[in-house]
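Please walk through the model below with the sequence at hand, beginning at a strand pairing and ending with the chain as a whole.

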Amino acid sequence: MEKQPLPGDVNHTTESELDGDAVEENQEGSSEATRAGWNSKLEYFLAQVGFSVGLGNVWRFPYLCHQNGGGAFLLLYVVLMLVVGIPLFFLELAAGQAIRQGSIGVWRSISPRLAGIGYSSCVVCFFVALYYNVILSWSIFYLGNSFQYPLPWETCPREGNITVKECEESSPTSYFWYRKALDITDSIDETGSFNPYMVGCLLAAWTIVCLGMFKGIKTSVKVMYFSSIFPYVVLFCFLVRGLLLEGASEGIAYMFYPKLEIWADVQVWRQAATQVFFALGLGFGSVIAYSSYNPKNNNCHRDAFTVSAINFLTSVLATLVVFAVLGFRANQKVNDCISSNLGKIKLQILTGKVDNGLIPTLDFLHPSSVTVKGYNTWFNESGNSFPGNLTACHLEIELKKGVEGTGLAFIAFTEAMSLLPGSPFWSALFFLMLLNLGLSTMFGTMEGILAPLTDRFKTLANNKTKFTIFSCVVGFLLGLPFTQRCGNYFVLMFDDYSATLPLIIVVVFETFSVSWLYGADRFLTDIEAMLGWRPSVIYKYLWKYICLFAMLGLLGATVIQMFIKPPTYLAWSRDEATEKDLNYPGWALALLALLIIFAMTPVPVALIHTVLKSRLKKTSRDAEMGQYSIVNSSDMTELDLNNGTAGAPS
């Protein structure tokens with residue numbers, strides 16, 4: 001499949017670009033002549049959906065939906081996806097399909113001065129790949145520990161006849177996560193030694209990625225048939241099982257109860273826009289890379305809506321599963337709380353320390369028959385006057401615990417599964433699902449690195465297998481710091497900050513380049529030439545104004561938020577057996593700044609390089625022309641006389 005040139009490229013290309021960059025491209029070349037393609041539309045959908053649907057759909061979206069108004073957040077999310085997400089997703093799909101190259105080639109074809117956008121995408125993809133595969137290594141560790149009964153995180157370990165204090169004061173799942181899996185330090189300043197189990201799991205994760213990628217999309221798509229479909233099978237299994245659990249309906253009702261007042265909060269809009277942005281994988285270059293393997297006439301407009309809809313429905317499905325299971329967990333916690341308090345009440349009554357007027361009309365013999373509402377009604381009226389340190393038992397409080405990120409997957413969800421009959425089976429199924437979700441996203445992330453570079457440099461294209469293996473080896477070596485005892489804090493830092501700002505900036509440049517520099521009308525004409533019909537003119541105004549200003553607003557809100565509230569991270573205190581919110585030290589903030597600067601450096605460097613190169617070539621041509629001057633008649637006469645060739649006077 002040959003690269004399809006953009007209509008009118010010659011008319012819009014400067015002489016310097018033709019002389020310099022075209023020659024350079026011929027010298028360095030690309031692999032377009034032998035470029036691979038999808039065997040079927042199904043393969044393409046599996047790849048694109050597998051990349052966009054990742055771990056964030058399972059543990060980030062439910063948390064945001066829960067924290068920001070439930071059903072109101074869902075409605076806001078849909079609006080932002082329709083107005084901003086899908087138009088930008090369509091832009092990347094169309095650009096990759098039209099130019100048939102990776103992100104570097106796409107932006108370089110629009111203008112050589114914009115090639116840095118593609119290189120920045122590659123850098124950010126590499127940052128993401130480094131920490132994302134660490135999360136896969138955690139999933140592998142838990143998957144390996146799931147094949148035992150009882151599960152190792154079901155009960156606290158004992159030292160002699162005494163339960164380990166750190167576990168007793170927290171929970172078995174928290175203890176296993178922080179002490180057994182991570183063996184975590186108390187802060188990011190305490191590096192600690194390497195965790196040998198995590199080093200081995202990280203090596204296994206990179207080996208799986210390498211084996212799935214070393215022959216390009218031809219091998220990765222075979223793995224995606226399983227890694228992209230299997231998570232849906234597991235989610236449906238969990239949904240059916242979860243809906244049958246006691247407390248599931250309360251969890252789902254709590255999840256989707258709309259709180260429309262949150263629409264007045266600017267930060268909720270920022271979080272919704274950020275989730276739309278990351279859910280579709282904008283700015284990574286992976287969307288462009290995957291679409292570049294499509295045939296020219298593929299209906300990428302329909303693909304944009306289809307993939308976005310699947311992504312959203314997957315998030316909703318995962319949210320239903322999460323809160324059905326967490327509702328069951330919270331219900332168990334509340335029942336245990338009520339039983340414990342009833343035991344204290346009964347003890348106080350038997351010892352005669354309670355006035356008859358304070359004795360509740362509750363069934364002490366059958367604690368399970370006491371409703372949460374009934375207990376809390378009595379507690380609010382008389383609980384504070386009753387001896388014995390009684391506590392309130394609220395379902396909402398339990399639902400709020402551990403529902404974000406790793407806290408959801410490796411603490412709250414594992415605790416809920418340990419309560420299910422046949423817990424090892426459900427645990428293995430869950431972590432195998434996480435592994436497959438992460439793998440399909442990792443394939444897309446690596447494609448966002450490999451495809452642009454092999455398209456741009458012929459040497460890499462001719463040695464793509466070696467380059468893939470080399471990239472995975474480098475990724476493993478650079479990922480080793482994440483396997484230190486403080487490695488979890490670095491994962492949080494990379495996940496929260498190292499990719500967010502650079503990716504937003506990349507998308508701002510992409511949108512501005514297409515809609516203003518290249519021209520939105522011209523881009524729509526290119527799409528019309530591909531599809532045979534012209535998309536609605538509304539995309540022109542969305543790209544030029546709505547999307548661009550929305551991304552600039554998101555960028556500004558993110559930067560302002562970082563200055564208003566300095567970056568923090570959750571650290572685990574071993575002595576207190578709880579999480580504490582700590583400020584990043586100065587060196588960590590400096591590292592964050594360096595990561596962001598390093599990711600964005602290719603944009604100005606490519607611009608300066610192209611401008612200087614153009615001027616040098618122009619100067620060289622001017623100097624060459626200066627060697628040939630026009631000789632006037634008087635000079636010619638003098639020259640002829642000196643050479644003795646002048647004609648005789650008339």
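Ala 571 has Lys 580 of β4 as its bridge partner. The two strands concerned, β3 (residues 568-573) and β4 (residues 578-583), pair in the antiparallel sense over six bridges, where pairing requires that DSSP finds at least two bridges between two strands. Together β3 and β4 form a hairpin with four residues between them, and in the turn Ala 577 has a positive phi of about 55 degrees. Helices (H or I, at least four residues) and strands (E, at least two) are DSSP runs, numbered from the N terminus.

This is a predicted model, in which local features need pLDDT of at least 70 and side-chain atom pairs count only at pLDDT 80 or more, while totals for chains, interfaces and linings use all residues. Residues are numbered from 1 along each chain as its sequence is written, and side-chain values use heavy atoms, with hydrogens and water left out.

Tyr 584 lies in the loop between β4 and α26 (586-600). With a relative accessible area of 6%, Tyr 584 is buried, a term that means under 20% relative accessible area, as against over 50% for exposed and in between for partly exposed (1.4 Å probe, protein chains only). Tyr 489 is 95 residues from Tyr 584 along the chain, and their C-alpha atoms are separated by 9.7 Å.

Turning to the helices, the axes of α7 (residues 115-145) and α24 (residues 500-531) come within 10 Å and cross at roughly 155 degrees. That makes α7 roughly antiparallel to α24, since angles over 145 degrees count as roughly antiparallel, under 35 as roughly parallel, 65 to 115 as roughly perpendicular and the rest as oblique. The axes are lines fitted to C-alpha atoms, for helices over the stretch in contact, with angles running from 0 to 180 degrees between N-to-C directions. On the α7 side the contact is made by Ile 117, Ser 120, Ser 121 and Val 124, and among the α24 residues are Phe 509 and Glu 510.

Arg 270 belongs to helix α14 (residues 266-279) and counts as buried at 18% relative accessibility. Leaving aside neighbours within four places in sequence, Arg 270 is in contact with Leu 554, Ala 557, Thr 558 and Gln 561.

Overall, the protein chain comes to 28 helices and four strands, and buried residues make up 54% of its 650 residues.

Key. Contact means heavy atoms within 4.5 Å.
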